[in-house]
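Please look at the structure shown below and follow the pairs of charged side chains, and then the strands, as the report takes them up one by one.

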Amino acid sequence: MKKKLSKELIALFILMPIFLIGAFILSSRMEDNLPNYSVINNTKGGYSVFFQGLKELKYPVERTLKPVGSIETQSIQIIADYGQFDINSPEIMQWIKKGGKIIYLTSRNLENTEYKLASKEEKGTAQYTYFKGKVVTFNPSYFTNKTLTKNTSDAYKLVKELDKSTYKRIYFNEYFIYLPNEGKSLWGSIPFAMKIIVYQLVLAIMALYYYKGKRFGKPIPLYEETERTENEYLYNTASIYSRADCWDIITENYYTGLLKEIKANHETWLEKWENEGLPMLKEAKKVYEFMNRMDKNKKCNGRECLQIINIIEELNNAIAKRRDSYWKTWKTIK
């Protein structure tokens with residue numbers, strides 16, 4: 001039995017690298033075949049970085065392959081000028097007419113259409129109205145993965161546009177990007193030979209889990225998880241936002257979380273903090289004064305914002321400790 005297990009081990013170790021290399025080749029080819037402006041395209045022409053960035057910032061973004069007219073008008077649709085998309089088609093215009101809003105990623109202008117120009121900025125940004133709805137145009141190159149590695153200021157204009165709007169969800173509508181495939185899924189577009197490689201990889205993983213379940217190899221002692229550095233998640237998240245120079249946004253997000261924790265608004269939370277006898281009153285005042293100042297001039301550097309974010313985290317911990325102490329007292333009385 002021991003000899004048989006050794007042979008299986010050798011076979012597994014030989015085949016696993018082959019399967020992994022095949023999967024790597026498959027993944028590379030799939031990404032190269034994905035169209036530009038798609039949020040699942042991780043190459044230089046895709047929008048994956050911008051899409052994931054909005055997710056990290058807690059915007060309600062979602063990728064969809066549904067027709068434009070099937071989406072509720074209370075949501076915003078971000079659509080690239082790609083494939084057979086026509087902003088002047090009756091279906092699109094009818095959806096906008098009802099109050100829909102489209103972020104149209106195009107290098108063209110709509111001045112010779114039925115849309116009325118409301119305002120125009122430099123560098124390919126303009127706003128058009130049509131009955132109750134609106135179309136805001138941006139140059140599609142602003143949001144590609146390649147551009148965002150060098151410049152994020154133009155993409156940040158779209159973030160500010162979203163902040164000014166009211167919506168239920170934000171849809172990256174890729175219906176027209178994949179329309180030439182006639183509704184085919186990505187898996188359906190993969191050649192049969194490549195599917196065989198994927199099947200083999202899945203079988204190899206299943207075999208590995210099978211042997212692990214049969215006490216494959218020597219038992220490994222389970223150690224406790226290594227203690228994480230304090231505020232590790234905070235610094236990792238801040239690092240992501242700092243690359244995009246979005247310090248004001250991350251600070252406001254953390255501040256909003258603090259207000260939700262203490263169940264008060266900007267005008268009353270400091271007074272409530274003092275009345276409830278919570279600790280770190282001096283630090284709380286510092287946060288309050290900083291947010292007042294930032295609300296007026298909207299300017300802050302990374303070092304100041306990171307310091308305030310750290311203080312906000314400590315204030316949240318103080319609220320959590322107070323809540324835990326109430327819970328323990330209640331359990332004792334009970």
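This is a predicted model: local features need pLDDT of at least 70, side-chain atom pairs count only at pLDDT 80 or more; totals for chains, interfaces and linings use all residues.

Helices (H or I, at least four residues) and strands (E, at least two) are DSSP runs, numbered from the N terminus.

Arginine 293 is partly exposed, with a relative accessible area of 39%, and glutamate 304 is also partly exposed, at 31%. Here buried means under 20% relative accessible area, exposed means over 50%, and partly exposed lies in between (1.4 Å probe, protein chains only).

## Other salt bridges

The whole structure holds eight salt bridges. One of them joins glutamate 62 and arginine 169, whose closest N and O atoms are 2.9 Å apart. This pair links distant parts of the chain, 107 residues apart, since glutamate 62 belongs to strand S1 (residues 61-64) and arginine 169 to the loop between helix H5 (153-164) and strand S7 (170-173). Glutamate 62 is partly exposed at 31% relative accessibility, and arginine 169 is partly exposed at 28%.

Within helix H5, aspartate 154 and lysine 157 lie three residues apart, about one turn of the helix, and their side chains meet in a salt bridge of 4.0 Å, N to O. Aspartate 154 is buried, with a relative accessible area of 9%, whereas lysine 157 is partly exposed at 24%.

## Strand S7 and its partners

Which strand pairs with S7 over four bridges? S1 does so, in the parallel sense, where two strands are said to pair if DSSP finds at least two bridges between them. Threonine 64 has asparagine 173 in S7 as its bridge partner. Strand S2 (residues 76-80) also pairs with S7 in the parallel sense, over three bridges, and isoleucine 78 has phenylalanine 172 in S7 as its bridge partner.

In a regular strand the side chains alternate between the two faces of the sheet. From S7, Ile170 and Phe172 point one way while Tyr171 and Asn173 point the other way, and all are buried.

Residues are numbered from 1 along each chain as its sequence is written, and side-chain values use heavy atoms, leaving out hydrogens and water. Local features need pLDDT of at least 70 and side-chain atom pairs count only at pLDDT 80 or more, while totals for chains, interfaces and linings use all residues.
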